[in-house]
Amino acid sequence: MDIQIPSRHLFINGDWKSPVLNKRIPIINPSTQQIIGEIPAATKEDVDLAVTAARNALSRNKGADWASASGSVRARYLRAIAAKITEKKSLLAKLEAIDCGKPLDEAAWDIDDVAGCFEFYAELAEKLDEKQKAPVSLPMETFRSYVLKEPIGVVGLITPWNYPLLMATWKVAPALAAGCAAILKPSELASVTCLELGEICKEVGLPPGVLNILSGLGPEAGAPLASHPDVDKIAFTGSSATGSKIMTAAAQLVKPVSLELGGKSPIIVFEDVDLDKAAEWTIFGCFWTNGQICSATSRLIVHESIATEFLDRIVKWIKNIKISDPLEEGCRLGPVVSEGQYEKILKFISNAKNEGATILTGGSRPEHLKKGFFIEPTVITDVTTSMQIWKEEVFGPVLCVKTFSTEEEAIDLANDTVYGLGSAVISNDLERCERITKAFKAGIVWINCSQPCFTQAPWGGVKRSGFGRELGEWGLDNYLSVKQVTQYISDEPWGWYKSPSKL
């Protein structure tokens, strides 16, 4: 299947513009390790142009074109974008598969979610009109108060490579629905579909400067965006280390940030489960998206009475996973995104073995694939809580395992992490599941499943997994500023000071 990568420049002010310094980055297909195209590489000079374009978009026609336009006006553009996404679904899914290694079936599912997300925030944009001037109840009859929700301004959106267009949409759709103007900086490892979003914006006639898209390296494009004095907010999804740097840069200007960072999420499996059903959810929770999920439930905590049989069942399920080029029919595990990630994951596995853990299955390149950044689904047992594999995010198809004997022990193991994004419990005892749900220190809990995500429900973590929530109404609130308006409505003077006329 020969797929042509579109040749794009940076998307600034509604049009394609060459990078000021004419830098470009090669695109490497992770399945073949071949260069299949290139993307533009923005620098500070391009960031300045994009920020100016975004500022102008907000002030054009005194804001009437976008920021202060009716939510229904913005909704029409969001729905038009959704329709174009659906129209181009087949191409976008294929581009994503060869750009980041995601199995084609997964990529197609993601593109459906992209369209759905734009549709969802179109609805919320319309409802925003109805919520304006929401009254505030006051204890004094001489005053009347209400609340306005206004766009926060120009926002910088920095997104990862594991769900390239979907993670971008989680930020772009609510930002635009709120009336913000945005600069999107996708990961340099997977920017192709995000650049295609620029072409879609051109096709639907989105006002110039409302969305600008700058591919490029983090230090050269992401850093100047995060520290730019005319950017009013940064929303970031990625590693905790980079999130900390962005937070530091934003703090210098007292700039708000929302951060969705790393994770080392637990999945607790009790002894009363259907072993096959639990096994499939366990491997899905860790190996979906080639194991490259911030919320991956990569720490299996299984009851000791079923551990041996359950792990045997998991290995049998894993052996049935088709590992192949993402475009092959039935592929369920493709390559990781880059050589750097490939080497990093293998190093994690090697370190675990050196620390005394056992590689139960996997741990290396599949024998039938001589090229590409492929790693077998890997299960590691005999793990202790002091090991690197237990504590640090791998971001690859690696599951580590510990057993437990009591519910309290399982909870302690689950919360034994600096992260707090996802968590899962599998048990037929729903009262137990409720107890576990309350005990988890995490922003997301899955009961008898792992990883389902819906646009309507909030997404985000606690501890070093970040703060703020995306998706649902919470995602829209990320990009709105609340303004209190209070009016004195009495005909009587205030009367605090003596009137000069009465002296």
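Modeller: What follows is a set of questions about labels and the reasoning behind them, and the model is a predicted one.

Biologist: Why is Pro186 called buried?

Modeller: The term applies to residues under 20% relative accessible area, and Pro186 has a relative accessible area of 0%, so Pro186 counts as buried. Pro186 lies in the loop between strand 8 and helix 6 (192-204).

Biologist: Which residues is Pro186 in contact with, leaving aside its neighbours within four places in sequence?

Modeller: Contact requires heavy atoms within 4.5 Å, and with those neighbours set aside the partners of Pro186 are Thr159, Ser191, Cys194, Ile213, Leu214, Ser215 and Gly216. As for Leu214, it is 28 residues from Pro186 in sequence, while the C-alpha atoms of the two are 7.2 Å apart in space.

Biologist: What makes strand 7 a mostly covered strand?

Modeller: Strand 7 (residues 154-158) has five residues, and five of the five are buried, which means that each is under 20% relative accessible area. Val154, Gly156 and Ile158 point one way, Val155 and Leu157 point the other way, and all of them are buried. In a regular strand the side chains alternate between the two faces of the sheet.

Biologist: How do you know that strand 7 and strand 8 pair?

Modeller: Pairing calls for at least two bridges between the strands, and strand 7 has five bridges with strand 8 (residues 181-185), so the two count as paired, in the parallel sense.

Biologist: What makes strand 14 and strand 18 the edges of their sheet?

Modeller: Seven strands form an open sheet in the order 14-15-16-13-12-17-18, with mixed pairing. Strand 14 (358-361) and strand 18 (446-447) each have a single partner strand, so one side of each is left without a neighbour in the sheet. Within that order, strand 15 (residues 378-381) and strand 16 (residues 398-404) run parallel and are joined by three bridges, and the bridge partner of Thr378 in strand 16 is Val398.

Biologist: Which helices lie across strand 16?

Modeller: Helix 9 (residues 275-287) lies across strand 12 (266-269), strand 13 (299-303), strand 15, strand 16 and strand 17 (424-426), and runs at about 135° to strand 16. Helix 13 (residues 407-414) lies across strand 12, strand 13 and strand 16, running at about 150° to strand 16.

Biologist: Asn22 and Thr289 each have a positive phi; is Asn22 buried or exposed, and is Thr289 buried or exposed?

Modeller: Asn22, which is not a glycine, has a phi of about 55° and lies in the loop between strand 2 (15-17) and strand 3 (24-29). The exposed label needs over 50%, and Asn22 has 57% relative accessibility, so Asn22 counts as exposed. Thr289 has a phi near 55°, also a positive value in a residue other than glycine, and is placed in the loop between helix 9 and strand 13. The relative accessible area of Thr289 is 2%, which is under 20%, so Thr289 is buried.

Biologist: What makes a space a cavity and not a pocket?

Modeller: In a cavity a 1.4 Å probe fits but cannot get out, whereas a pocket is an open set. The structure holds four cavities of 30 Å³ or more, and about 70 Å³ of space lies in the largest cavity. Its lining includes Gly263, Lys264, Glu393 and Val398, and divides into six nonpolar, four polar and two charged residues. The second largest cavity holds about 60 Å³.

Biologist: Where does the lining of the largest pocket come from?

Modeller: Helix 7 (218-226), strand 10 (233-237), helix 8 (240-251) and helix 11 (339-354) each supply at least two residues, and the largest share, six residues, comes from helix 8. The largest pocket has a volume of about 910 Å³ and is lined by 34 residues, with Phe236, Thr237, Gly238, Ser239 and Thr242 nearest its centre. That lining divides into 16 nonpolar, twelve polar and six charged residues.

Definitions and conventions
Residues numbered from 1 in each chain as written. Predicted model: local features only at pLDDT ≥ 70, side-chain atom pairs only at ≥ 80, totals over all residues. Heavy atoms only, no water. 1 Å grid on protein atoms, 1.4 Å probe; cavity = no way out; pocket = protein on both sides within 12 Å on 5 of 7 lines; lining within 4 Å. Points joined across faces, edges and corners; volume = space filled by probe spheres on them. Helix = DSSP H or I, 4+ residues; strand = E, 2+ residues; numbered from the N terminus. Nonpolar A, V, L, I, M, F, W, Y, C, P; charged D, E, K, R; others polar. Axes fitted to C-alpha atoms, helices over the stretch in contact; angles between N-to-C directions. Buried < 20%, exposed > 50% of the residue type's maximum accessible area, 1.4 Å probe, protein only.
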